[in-house]
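Good morning, colleagues. Please look with me at the structure on the screen, and I shall then take you through one of its interfaces.

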Amino acid sequence: MLRFLTRRALGAIVILFLLVLLTYLAVMSLPVDQAMLNCPKGCSPQQLAIVRHNMGLDKSNFEQVLDYVKGLFVGASHGADGFCNAPCLGYSQSRHQFVIDVIMDNYPATIMLALGGSVCFLVIGVTLGMVSAWKQGSLFDTIASSFSQLGQSTQIFFVAPLAMALFVTNLHWLDKPGYTPFTEDPISSITGMILPWLVLSIIFWSNYTRQVRSLMIEQLSEDHIRAARAKGMSNRYVWWRYALRGAMAPIVTIFGLDLGVVLSGAVITEVSFGIHGLGMLAVKSVTAQDTQLELGVLLFSAAAILVFNIVVDAAYGLLDPRVRIG
Amino acid sequence: MTTPTGATTTEEDPVLVGSTDAAGAKPVELLGRTPGQIAWSRFKRNRTGVVCAVITLAYILAAVLAPVISALYGKSPYEFYGMKDSTLLDDFGLPVAPNGGMSGDFWFGITPQTGQDIFTNIVYGIRTSLGVGLIVVISSTLMGVVIGLAQGYLGGKFDYFVGRFSDMLLALPSQLTAIAFFPIVVNAIVPIDKETPTWVRLVGMWVILALLGWMGMARLIRSITISLREREYIEAAKIAGASPRRIIFKELLPNLATTILVQATLTLPAMITSAAGLSFLGVGFTSPTPDLGRMFSDAAQYYESDLTYLIFPGIALTTFVLAFNLLGDAVRDALDPKTIR
């Protein structure tokens with residue numbers, strides 16, 4: 001296990017390093033003069049040169065990338081702005097803060113959205129799938145599968161405003177969605193996220209319903225299930241203890257991958273509901289032409305995805321003894 | 001795909017034909033059916049598939065004939081009717097007529113503030129979406145097939161490094177990357193301080209979505225190619241002295257055609273929604289280009305006062321994606337009956 005984890009972690013670091021190179025050089029090709037953006041209005045060429053030097057923009061592209069990578073490991077000094085600690089992702093011109101601090105301010109909203117949303121789609125999806133498998137061919141099965149198809153084909157940017165119009169504007173059941181830190185006010189934190197959670201889960205749950213349904217049906221025709229039934233075990237016991245367990249391993253895989261996706265920023269959901277998370281931050285950094293912030297957000301969320309891919313592979317080995325990792 | 005062994009003259013049940021054969025009523029000429037014919041007859045029996053094919057076709061026709069439709073209907077998607085006729089919008093810039101300004105003149109209502117016609121905007125928006133979707137799917141499929149074939153056929157170091165490269169691209173959060181890289185691609189064509197023409201935005205979306213979209217196809221093709229490479233008929237072709245070119249184009253590709261077609265059909269709706277999502281986030285098409293994604297970001301601002309503006313584009317896009325998804329499933333079932341849903 002340890003060997004597997006170290007090997008995968010090293011692989012992930014190599015990928016991240018290549019990503020830094022690729023994205024940094026790509027972003028550098030933008031002719032946005034960061035020094036100009038950071039210089040007060042009517043700034044003289046001398047001042048501009050100083051700002052440029054402080055930001056390290058007078059060095060060659062290659063040296064800048066090296067500095068950036070160095071900053072990731074040992075931190076970097078940013079002139080008057082103080083010292084940026086170890087995982088230094090640069091300095092955000094539009095926020096006048098270190099990129100890592102901006103990300104950390106915005107990330108809790110994304111975590112809250114991702115965790116609640118993923119619980120929703122896992123519970124709804126798996127439940128619908130199990131009932132569909134149990135009542136195979138029934139009206140419920142048909143309705144559940146059509147509903148899943150519909151959910152998979154619709155778009156968050158369509159459903160989100162519709163849901164707000166219905167539940168917030170017309171029925172007044174909920175307040176306008178938004179993120180409040182859980183530690184500050186647990187109740188409004190949850191009520192503010194209910195709609196985003198449910199809407200986010202719509203595009204994900206259909207996959208679980210279909211997978212769980214077909215996996216359960218497949219499991220129930222396996223020999224060991226028939227043997228268990230022949231031994232006289234109750235239907236319910238066989239169902240929960242054997243069939244469900246066999247169907248779980250693939251579901252955990254998909255779940256882990258989806259969790260990585262939502263944790264790396266559900267851009268459209270965040271923008272639709274006005275939640276200030278990682279995705280919203282990415283959009284804002286692009287409009288503000290804040291390249292350092294753009295780059296930082298991108299790398300941060302790529303790292304989130306990579307970590308989750310490793311976790312998923314490790315979990316797969318634990319859940320399914322037939323899979324040997326290493 | 002198995003070779004057809006049943007001999008039928010029509011697409012009726014082969015057993016029936018066989019029984020008339022056995023009865024010897026009249027000698028029936030033995031006719032084989034091509035795999036394509038078999039798939040077609042299987043497809044025709046799938047009612048959902050046929051309905052979805054009709055809907056998809058209607059959308060494609062609407063996209064192709066958009067100028068004709070808008071001429072017959074007498075409105076243009078670019079015209080600001082609210083500016084011309086001050087009775088259409090009230091002081092807040094909202095449509096005066098009930099239900100978002102729906103009337104005999106404006107079937108689906110008009111947009112707030114500008115008073116553009118929503119119906120023609122949707123028709124032209126479908127044209128934009130379908131256009132972007134098609135060029136992205138065609139180019140990403142081409143890339144995926146070429147790279148996957150090369151990986152599978154050549155193997156070795158090439159396979160390894162290209163594989164790691166596609167792993168790296170897969171680790172990128174696709175939406176975030178698309179947002180971040182869109183300005184970079186656009187800027188490579190037009191300086192950032194100049195106004196960006198629509199075709200540059202189109203190219204930007206095309207390049208980004210295609211570059212981030214080929215990996216799935218490449219992986220699939222690679223894995224099938226690896227298993228096909230070891231089959232006897234490929235070996236036989238090699239022994240017979242066939243060139244790699246012949247092996248790839250005459251032996252491998254025909255066996256991959258089904259997979260490629262099915263995968264491409266299933267990718268199209270995904271690409272259309274990605275493109276719409278980009279426009280929704282404000283990095284794709286901008287006003288005045290008619291585009292469904294852009295309509296959503298406009299309409300979302302009025303969800304409290306004018307739902308009509310949101311609902312029609314929403315239904316249009318959802319129906320289209322749903323029909324295409326189901327069509328993709330039907331095509332897969334018809335071409336590859338082994339897959340169980």
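Predicted model: local features only at pLDDT ≥ 70, side-chain atom pairs only at ≥ 80, totals over all residues.

Let me begin with the extent of the contact. Chain B contributes 37 residues and chain A contributes 43 residues. Between them the two chains bury about 3500 Å², and 79% of that area is on carbon and sulfur atoms. On the chain B side, M168(B), L176(B) and Y303(B) lose the most area to chain A, and together they make up 19% of what that side buries.

What of the polar and charged interactions? Three residue pairs are in polar contact between chain B and chain A, and the count of salt bridges between these chains is one. That salt bridge joins the side chains of R210(A) and D329(B), at 3.9 Å from N to O.

Which helix of chain B gives the most to the side that touches chain A? Helix 15 does, with 11 residues. Helix 8 (156-171), helix 9 (174-189), helix 13 (244-280) and helix 15 (308-335) each supply at least two residues to that side. By class, the chain B side has 26 nonpolar, eight polar and three charged residues.

I turn now to the record. An unreviewed UniProt entry places the feature "transmembrane region" at several spans of chain B, including residues 130-156 and 260-287. In the model, residues 130-156 of chain B are 96% helix and 0% strand, with end C-alpha atoms 39 Å apart. Residues 260-287 of chain B are 75% helix and 0% strand, and their end C-alpha atoms lie 35 Å apart.

Thank you for your attention.

Conventions. Residues numbered from 1 in each chain as written. Chains lettered and ligands numbered in written order. Heavy atoms only, no water. Contact = heavy atoms within 4.5 Å. Buried area = accessible area lost by both parts, 1.4 Å probe. Salt bridge = Lys/Arg side-chain N within 4 Å of Asp/Glu carboxyl O. Polar contact = N/O pair within 3.5 Å; in protein donor to acceptor, adjacent residues only side chain to side chain. Helix = DSSP H or I, 4+ residues; strand = E, 2+ residues; numbered from the N terminus. Nonpolar A, V, L, I, M, F, W, Y, C, P; charged D, E, K, R; others polar. UniProt positions renumbered as here; feature names shortened; annotations may be inferred.
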